[in-house]
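Please keep the sequence and the coordinates at hand while reading.

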Amino acid sequence: LGHTGEYHDLIGSTNDRAKELAASKVPEGFLVSANGQTAGRGRLGRSWNSPSGQGLYFSLVLYPNLPPVELPGLTLLAGLALAQTLEVLGVNVQIKWPNDLLINGRKVAGILTEIAAEAERTIYAVVGIGINIEPLAEEVKSSFAYPATALKEHLPEVSRQSLLALFLERFEKLYEEFKKGEFSWSLTEYKRRMAFLGEEVMIITGDREYRGVLHDLGEDGSLIINDGKTIKRFAAGEISLRRK
Ligand code: BTN
C-alpha cells in the first residue's frame, strides 16, 4: 500500500479525490495525501478541521474482494493499525469504537471509510485518516465535537514520514490477513485497546439514545451493550459512542 500516490499542498478532501481516482481504477493502495484540506470531512456528516501544516491528512484506495457487509471490519483494522503505529512511536492510545484514536481520553485522530458497492459486491473502499499533529490552539480545540489533542503534545519529535510509513506497513499486514478471513486475532488486539470497556456509555443513533454498559466487541466488530435487561448489538455506521 502507498507505493503509488499523489500529494497535494492544498485540496478539498483527500477522500473525495481518492473516490474519484478509485472510480477510474487507480492501483490498489493508491495514496492521496495533503498538507491541508479546505473541505475535510468526518463521520456523521461532520467537517474535519484540516489547516495546512497542522496535521496528517491522507486517503487510501482499496479494492477488497469482500461483500460490503464485511467492510466495517476494515475500518476497525485501520484504527488498530494506527493505534499500533502510535504505540511503536511511544504513545499509549485507546480506540473509541469504531475508530477514533484517543490519548488520555482526548481525540488525536479519526478515520472516515467510504465505500461504493452494488448489491453484494464492493467496488472500492476509501480509508481516510486525519491525525492532529501540531499542538492545537484553544479556539480550535473547542471547535471539535469531542475533546481533542495533538500528537506533538505527547511526542514532540514525531516525523510525519515515518508515522505514515509505519502505518502503511502495519495496515498492509492487517489488511492481507483480513482478506484471508483472519480477523479474530485483530479483534482481540482491538479489544485490548478499546475505550470504555465495562463502563456506562451512551449510544447515539440518528434519533435515539441508548444507555448501558459497554459489554463486549462482537466477532463481526459490532458493539455489544448491556442495558441491564437486554443485550444489544450495534454495527458501525451512523452511530456515535459517548462515555456517560
Ligand atoms: C472522524 O473522526 O469523523 C473522521 C475524520 C477523518 C478525516 C480524514 S482527513 C483525510 C481524509 N479526507 C477527509 O475529508 N476526511 C479524512
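The model is predicted. Residue numbers start from 1 along each chain as its sequence is written.

Where does the ligand sit? The elements that give two or more residues to the shell around the ligand are helix 1 (14–23), strand 3 (55–62), strand 6 (106–118) and strand 7 (121–132). Strand 6 contributes the most, with four residues.

In total, 19 residues surround the ligand. The closest are Ser13, Gln37, Arg41, Arg43 and Lys107.

| Residue | Protein atom | Ligand atom | Distance |
|---|---|---|---|
| Gln37 | polar side-chain atom | nitrogen | 3.0 Å |
| Arg41 | polar backbone atom | nitrogen | 2.7 Å |
| Lys107 | polar side-chain atom | oxygen | 2.6 Å |

How much of the ligand does the protein bury? Taken alone, the ligand exposes 420 Å², and the protein buries 98% of that.

**Helix 2**

Helix 2 runs over residues 72–89. Gly90 follows helix 2. The phi of Gly90 is positive, near 115°.

**Backbone features in loops**

The loop between strand 4 (94–96) and strand 5 (100–103) holds Pro98. A cis peptide bond joins Trp97 to Pro98, with omega about 0°.

Asn104 lies in the loop between strand 5 and strand 6. Its phi is positive, near 45°, in a residue other than glycine. Is Asn104 buried or exposed? Asn104 counts as exposed because its relative accessibility is 70%, and the cut-off for exposed is over 50%.

Ala119 belongs to the loop between strand 6 and strand 7. Ala119 is not a glycine, yet its phi is positive, about 50°. The relative accessible area of Ala119 is 75%, so this residue is exposed too.

Terms used:
Predicted model: local features only at pLDDT ≥ 70, side-chain atom pairs only at ≥ 80, totals over all residues. Heavy atoms only, no water. Expected span 1.5 Å × (residues − 1). Near = heavy atom within 4 Å. Polar contact = N/O pair within 3.5 Å; in protein donor to acceptor, adjacent residues only side chain to side chain. Areas by Shrake-Rupley, 256 points an atom, 1.4 Å probe, with all protein chains shown as cover. Buried < 20%, exposed > 50% of the residue type's maximum accessible area, 1.4 Å probe, protein only.
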